[in-house]
Amino acid sequence: AQAQGAASPAAAPLPRIERTAKGAMLMVDGAPFLMLGAQANNSSNYPEPLKKVWPTIDAMGANTLEIPVAWEQIEPREGEFDFSWVDHVVGEARKHDKRLILLWFATWKNTAPAYAPEWVKLDPKRFPHMLTAKGDVHYAMSPLGSETLKADTRAFTALMHHIAQIDPQNTVIMMQVENEVGSYGNVRDFSPMAQKLFAGPAPQALLKHYGKPAGSSWAQAFGSDADEYFQAWYVASYLNTVAKAGKAEKNLPMYANAALASAFGRQSATTYSSGGPVHHVIDIYKVAAPALDLVAPDIYNRDEKAVHAYLDLYGRPDNPLMVPEIGNDAEYARFFWDALGKGTIGYSPFGMDQTGYYNFPLGAKGIDDTINGFARIYHLFAPMQAVWAKAAAQGQVHAASEPADPVAGHKRELLIGRYKATLGFGQDAFGFEPPRGNPHPTGGAAIAQLGPDEFLITGFDARVTLNLATPAPGETLTLLRAEEGHYAPDGKGGQVWVFDRVWNGDQIDYGFNFTSISQVLKVRYARMKGT
Ligand code: N0T
């Protein structure tokens, strides 16, 4: 007989999101984890196309693959489950030393039920679509379909049960519940049941959250927002039921991704995914869907002002920032720096495989020329991802990307304690010529404050200069040491700094100049009074 305990090593600690005073960390194997991710194309969720996914994921140096699990593929006939795809992708991920985020494509995929099994699609009586205000059948499923909710929940529960059985080492670190929920072209469900609910009082928890009188109707409480808030409430509640049931099988972090509304101003809710977790209904998701750890922006907007706004809107004390999708064109790579500076727990360009599909104009026309922009960042951070994840969660990371807008003067300034960091883009390494901008906006840099006068600095295509933000009278700054080094495995699952050389002379006289080479500096200053 086997000795007790020898057969099954202690289960690894579950992945979880740990809240900190200044942010959040994704914990994997009990350690901070910066998700350097990549999402495969939508139809890459079969063993054959998966072969065309790994070369890209490996080349990128990603530590995580986001890939779909479709309801139609795990439950082709009602109640008969087939998890061969899940087994396959988990096994393959282990071979490639990658983690997985599985995307549950079910009742809503880009708002539509396309990934639902045939037996769902063919039974609209049991699985009702929404009605429009005119009474027409809308393409999207109603969040009020109790049979739909029951069926989706049962399938997701079975999926999580299976993952709990086959994945004690937590190759799967997170679950995305549905994909870009909501509905286009119809602000809410107008079915008889929806009409009845809409006329009744809004949920007390929601009224309380918004400080509205108990018993108010949706329209009384929320006026012109009522239709969209109603839809958001019922979609979020639906996701909550699915996620909660899944977590009871295996308590992995779970999130919902958003097809975004415009970052500025309000459009008619019929022009975006109404009911989805767009930024102005995050509060509704917080109240209705506590089983979701976060809602997250899918960023397909090349305008840096909009990108920065989305990162600010989704990175909240009650909502850890994560970017589960961003376009895979070259200009999106640099936004990694901004996301990191805002404490993101992960970043993931979409459509990263060699199956030949490209979602231009959202992303690139092809990734051969754009992959390096992401890959160089991932290769730079991979050996020290835990260090940055931890520092970011403590609010110690300050980072920014190169502005495309020349009005910004091809530089950015960051306030870090008593210091001001200036990031200049498009400067020669020698001399004080002002920044001209890089040929394309590829630059970015990150600074982690390790102590009052000590910093970890890295970047690409950027000059980083540190000064005192507001020196006291007679106060001067002296650079004591700028160490170049790298992080290496410490043998205990951690990452440890290894000294390579000291930067001095030309290497420091004109700021710290980062090129396309991976370089990391540990820098220490002294603030001096008088002479
Ligand atoms: C994304 C992807 C995939 C500026 C598009 C974006 C993915 C889904 N949807 O390739 O389908 O599964 O999450 C929707 C963007 C809306 C239009 C933005 C206009």
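Predicted model: local features only at pLDDT ≥ 70, side-chain atom pairs only at ≥ 80, totals over all residues.

Reader: Which residues are around the ligand?

Author: A residue is near a molecule if one of its heavy atoms lies within 4 Å of it. Around the ligand are Asn42, Lys109, Asn110, Asn179, Glu180, Asn257, Asp298, Tyr300, Glu325, Phe350, Asn359 and Leu362.

Reader: Which atom of the ligand is 2.9 Å from the side chain of Glu180?

Author: A polar contact is a pair of N or O atoms within 3.5 Å. For Glu180, a side-chain N or O atom is 2.9 Å from a nitrogen atom of the ligand. Asn42 places a polar side-chain atom 3.0 Å from a ligand oxygen atom, and for Asp298 the distance from a side-chain N or O atom to a ligand oxygen atom is 3.4 Å.

Reader: How is the chain divided?

Author: Domain bounds come from an automatic or database domain assignment. Here, domain 1 is 27-112 + 144-189 + 219-394 and domain 2 is 401-529. Their C-alpha centres lie 32 Å apart. Contact (heavy atoms within 4.5 Å) takes 20 residues from domain 1 and 25 residues from domain 2.

Definitions and conventions:
Residues numbered from 1 in each chain as written. Heavy atoms only, no water. Polar contact = N/O pair within 3.5 Å; in protein donor to acceptor, adjacent residues only side chain to side chain.
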